[in-house]
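Visitor: Could you take me through one part of this model up close? I'd like the strand pairing, with the cut-offs spelled out.

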Amino acid sequence: MYRALVPKQKLAFAAAVVLWWISAAAWAQPSGYAIRINEIFPRAQTDCPEWLELANCSGASVNIKNWKYGHLDDSCLITASDFFVPPNGFVVLAKDKTLFSAKFPATNPVIQPVRWRALDNYHDTLYVWDSSGVLCESAGWDSHWFPSWTDQSLARVSLTISGLLPGAWVVASKASPGQPNSEATWRGNSAELDIGPVPFTPNNDGRDDFLSIKLTIPAAASAVVSIYGFDGRKYLDLPNPLSRQFLWNGLAAGGRPVPAGPFFVVAEISNNGNTQIIRKKGILWR
Amino acid sequence: MTARRGTAGIFIVLVVAAVGVFPASREPFPIGYSMANFGTILQQKGISGREPFTPACFYADTFRYGVSVAGVDYDDAMDNMESSHIVQVGLGGFYSTKGFTAKLSFAHFDALREYFEQEGRLSLGTSRIPFVNPSVELSGYRAGLYHGTDPAQTRIDAGISVLVPFRLAAVSISCIHIPFKNASTEGYSAPLAVRAGVHTTANALGSQGILCEAQNDGQWRFRVSLGEEYRLANRLALAAAFTTNPVMISFGITVAWRGAAVSAGFVEHPVLGWSKGLAVDWAGR
């Protein structure tokens, strides 16, 4: 659902940051601290309605009966019935449960609130209140944070910072409603690149046939990982977006086996306009 | 007379040491004096002609023999195995008499103390044929892991080179890595390469050269290198060069005195960083 960006929304967004700090005391309550907005899909398509995912980050079940979500001046009841979100579990709120289940048949549980508060495609702020009316979660997004964002969902990659900050979200490589966000598993406070074994031997003997390339990058960063030969020519760029671990079989782009000898794995990490390059060297033997 | 015998003895030791060993391949740039100019600066009566790492047909000076030692530390230290480098050391010599020249070189390549390549190269050439100086090369390669149980891979390549000298410039044509004996496993062959270049003789602006190379390792790749060397007082030379695919720049300095020369070269790859090289050449009559 497209909505015009008005100054009032911007003001509310700034106020939300302040509210997030003010509401920190409320987070001391178990239920308030536990439920977080974990994934958002505001850019609805013909075969998939808007949805958002709530995660229970605590070790106890949380009853979200009479909880509300929405905007400061437009909140919607999530459910009027008892509904327990299990420890480390998820619940998806969808605008159209039937349409959503057709798109994600394996996702469960799914709640369709009686009234849906439309999500803005470009810039919005969402809040979650518990049954007592205490604000316990807030999340925001702005399309300027994600230059490559088209129609993907936004995945929460850091629960240690406010959901109102750009570093808490990335464009998901694949929507995962009702599941942990895959991007969150390879996001850290700093960038790291690990490769091994050295040497690796892609000769199909069942031992060290693949080079493991593991990447960890900050939440809001993006990365391009490439492999170079000793002669300085690029063999290939790894598929993007990356998963946490990539296994290389010693083939260059086009399927040509690369020659034996040294090679280099280079990660170029972009974060808030800054670029960091990590280079690792390895040996290939056939 | 004694000095001549001693020098000849050194050359014989080099020959004996090189017999039965084999070479390094896929170098991003040549080692030795030519590193700073990507092989674009070529003079039959200069250091590049005397280098044992270049074909014998490139030489036509009055020195009868000479030796060279060169080393390269490739690329930056990077972010793993910081204390382990990728290095290559080469040594060799030449002997020339009555218009015939023989060059013999040996190079040892070491990557992270895990992997090695060795290359031995023999080049025989002549400057007695009018207008055209030809040479043939035979190279043996050996590659392996220091700690592995797999046997080392070996192969033998051949090469032919021709230099056509003119008054203002020379034209060079080489075909290298012509397979003579392949390794038993795929991945150890150096790509067949054809090189053609134009190299000026020394002029008021120094020396210039352009080298075009086509390589075939399953698909053709083309590379162009441009180089310039400027001499100061005939003792000091400053060189700079540029090459494509991959794009690299280089610069270097050479200090020469009679038949001796010391060269330092630096090559920068935009992603992999700086390679550092040093070479010492000496020639006698």
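Guide: Here is a walk through the strands, with confidence and the chain contact along the way. This is a predicted model, where local features need pLDDT of at least 70 and side-chain atom pairs count only at pLDDT 80 or more, while totals for chains, interfaces and linings use all residues. Residues are numbered from 1 along each chain as its sequence is written, and chains are lettered from A and ligands numbered from 1 in the order in which they are written.

Let's start with the strands of chain B. Helices (H or I, at least four residues) and strands (E, at least two) are DSSP runs, numbered from the N terminus, and two strands pair if DSSP finds at least two bridges between them. Strand S3 (residues 100-111) of chain B runs antiparallel to strand S4 (residues 115-126) of chain B, with 12 bridges joining them.

Six residues lie between S4(B) and S5(B) in their hairpin, and Phe131(B) in the turn has a positive phi of about 70°.

How far to trust chain B? pLDDT is the predictor's confidence in each residue, from 0 to 100; the mean for chain B is 88, with 91% of its residues at 70 or more. Confidence in chain B is lowest in helix H1 (residues 2-18), at a mean of 44, and highest in strand S13 (residues 260-269), at 97. Over residues 7-24 of chain B pLDDT stays under 50, and the model has 43 contacts beyond four places in sequence for them, a contact being two residues whose C-beta atoms, placed from the backbone, lie within 7 Å. For the whole model, ipTM is 0.88 and pTM is 0.73.

Now for where the chains meet. The contact takes 22 residues from chain A and 25 residues from chain B. On the side of chain B that touches chain A, 14 residues are nonpolar, seven polar and four charged (Ala, Val, Leu, Ile, Met, Phe, Trp, Tyr, Cys and Pro count as nonpolar, Asp, Glu, Lys and Arg as charged, and the others, Gly among them, as polar).

Over in chain A, there are three helices and 19 strands. One open sheet has four strands in the order S16-S15-S18-S19 (chain A), with antiparallel pairing. Strand S16 (234-237) and strand S19 (274-284) of chain A each have a single partner strand, so one side of each is left without a neighbour in the sheet. The twist averages 20° from one strand to the next (axes are lines fitted to C-alpha atoms, for helices over the stretch in contact, and angles run from 0 to 180 degrees between N-to-C directions). Within this sheet, strand S18 (residues 261-271) of chain A pairs antiparallel with S19(A) over 11 bridges, and Ala267(A) has Ile278(A) in S19(A) as its bridge partner.

Another open sheet of chain A runs S5-S4-S9-S10, with antiparallel pairing. Its edge strands are strand S5 (74-77) and strand S10 (135-142) of chain A, each pairing on one side only. Strand S4 (residues 68-71) of chain A and S5(A) pair antiparallel over four bridges, and His71(A) has Asp74(A) as its bridge partner in S5(A).
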